[in-house]
Amino acid sequence: MILTLACAGRRDQNSSFTTPTREVVDEAGRHVVLPNKIDRIVSLAPNLTEIVYAVGAGDRLVGRTSYCDYPPQAKSVTEIGDTMHPSIERIITLKPQLVLVSTASQLESFTKQLDEQKIAVYVTNPKNLDEIFLSIERLGELFGTSETAKKLATELRNRTQTVAAAVASPKPVRVFYQVSDQPLYTIGRDAYLTDLIRRAGGVSVTADVATAFPRYSDEAALASRPDAIILPSGGSMGNANSTVASALKNSPAVLNNRVYQINDDHLSRPGPRLVDGLEELARALHPEAFK
């Protein structure tokens, strides 16, 4: 990430003084002007809320979505709507210096409105586990908590390497990742979860399908014949997605009792707990490697 001091500070609306600023480039390639010190943050995605707390800036979070429920103290922060439909009016009222956006939440369209209020928007866009670690470090740089962020990223990388060593020898397991059963959605080429399955000692049977989260036909699912099925369920989703899609009922995975429910919060949120999901995936696919 490029970090440079801006040529001039931004004038504070309530003061005759200027606020020292810097220009950064976010993960969407956008140039963003920020105050040198960020004290008021709004997060528009659960994974970003988790990262804010994990890198030591949770006390600066002034707004979050209704889905931002971890860590527990996040629930006491002002709610500004859900991820897809946040209230721009509530955000503006909170007077944040920075709004964090995940491209997965498709909120880039609100950037213009926030820009008009001189509220900076920073977009993240990790496509794999390595890029998630970089996002953690970059956000630590933005908040002035680089040491904490780098320590966290190092710990997460070390845990990832431990999993890699454990699953290096066994043959990869053919995996179908069921995002939802009705309608049937899965993961494709552009999903970070495709990378996660590979790191866990598997290979997604839909790894070559275009886009990140494609709708999948019953015919294609029937023909995929996976040896294991992953059902992200039990976290924020509750009991949703806890049943195998009908097209997969006669797959080798079901016939051999290799259907695994894994906490969806550990898989659907590209943040620190994704490594928990990686470890759970690896233990499910290769239990013999962790005895």
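**Terms and values**

Mentor: Pro183 is placed in the loop between strand S10 (173-177) and helix H6 (192-199). A cis peptide bond joins Gln182 and Pro183, with omega about -5°. This is a predicted model, in which local features need pLDDT of at least 70, side-chain atom pairs count only at pLDDT 80 or more, and totals for chains, interfaces and linings use all residues. Residues are numbered from 1 along each chain as its sequence is written, and side-chain values use heavy atoms, with hydrogens and water left out.

Trainee: Which other peptide bond is cis, with omega near -5°?
Mentor: The bond from Tyr70 to Pro71. Pro71 is in the loop between S7 and helix H2 (88-93).

Trainee: What makes a stretch a helix or a strand?
Mentor: Helices (H or I, at least four residues) and strands (E, at least two) are DSSP runs, numbered from the N terminus. The chain has nine helices and 13 strands.

Trainee: Why is the chain called as compact as a globular protein of its length?
Mentor: The radius of gyration is taken over C-alpha atoms, and the globule rule is 2.2 Å times the number of residues to the power 0.38. For 291 residues the rule gives 19 Å; the chain has 21 Å, which is close to that, so the chain is as compact as a globular protein of that length. The C-alpha trace spans about 70 × 35 × 35 Å along its principal axes.

Trainee: How many of the residues are buried, as a percentage?
Mentor: Buried residues make up 48% of the 291. Buried means under 20% relative accessible area, exposed over 50%, and partly exposed in between (1.4 Å probe, protein chains only).

Trainee: Why does Asn250 count as exposed?
Mentor: Its relative accessibility is 58%, so Asn250 counts as exposed. Asn250 lies in the loop between strand S12 (228-232) and helix H8 (252-255). Asn250 and Arg225 are 25 residues apart in sequence, and their C-alpha atoms are 8.5 Å apart in space.

Trainee: What makes S10 mostly covered?
Mentor: Four of its five residues are buried.

Trainee: How do you know that S10 pairs with S11?
Mentor: Two strands pair if DSSP finds at least two bridges between them. Three bridges join S10 to strand S11 (residues 202-204), and the strands run parallel. The bridge partner of Arg174 in S11 is Val203.

Trainee: Which strands form the open sheet with parallel pairing, and in what order?
Mentor: There are four strands, in the order S7-S6-S8-S9.

Trainee: Why are S7 and S9 called edges?
Mentor: Strand S7 (61-63) and strand S9 (120-124) each have a single partner strand, so one side of each is left without a neighbour in the sheet. From one strand to the next the twist averages 35°. Within the sheet, three bridges join S6 (residues 41-43) to S8 (residues 98-102), running parallel. Val42 has Val99 as its bridge partner in S8.

Trainee: Which helices lie across this sheet?
Mentor: Helix H1 (residues 46-54) lies across S6, S7, S8 and S9, at about 130° to S8. Helix H4 (residues 129-143) lies across S6, S8 and S9, at about 170° to S8. Axes are lines fitted to C-alpha atoms, for helices over the stretch in contact, and angles run from 0 to 180 degrees between N-to-C directions.

Trainee: Why are H5 and H9 called roughly parallel?
Mentor: Angles under 35 degrees count as roughly parallel, over 145 as roughly antiparallel, 65 to 115 as roughly perpendicular and the rest as oblique. Helix H5 (residues 146-166) and helix H9 (residues 274-285) pack at about 10°, with their axes 10 Å apart. H5 and H9 are therefore roughly parallel to each other.

Trainee: Which residues of H5 and H9 meet?
Mentor: Leu156, Arg159, Thr160 and Val163 in H5 meet Val275, Asp276, Leu278, Glu279 and Ala282 in H9. Contact means heavy atoms within 4.5 Å.
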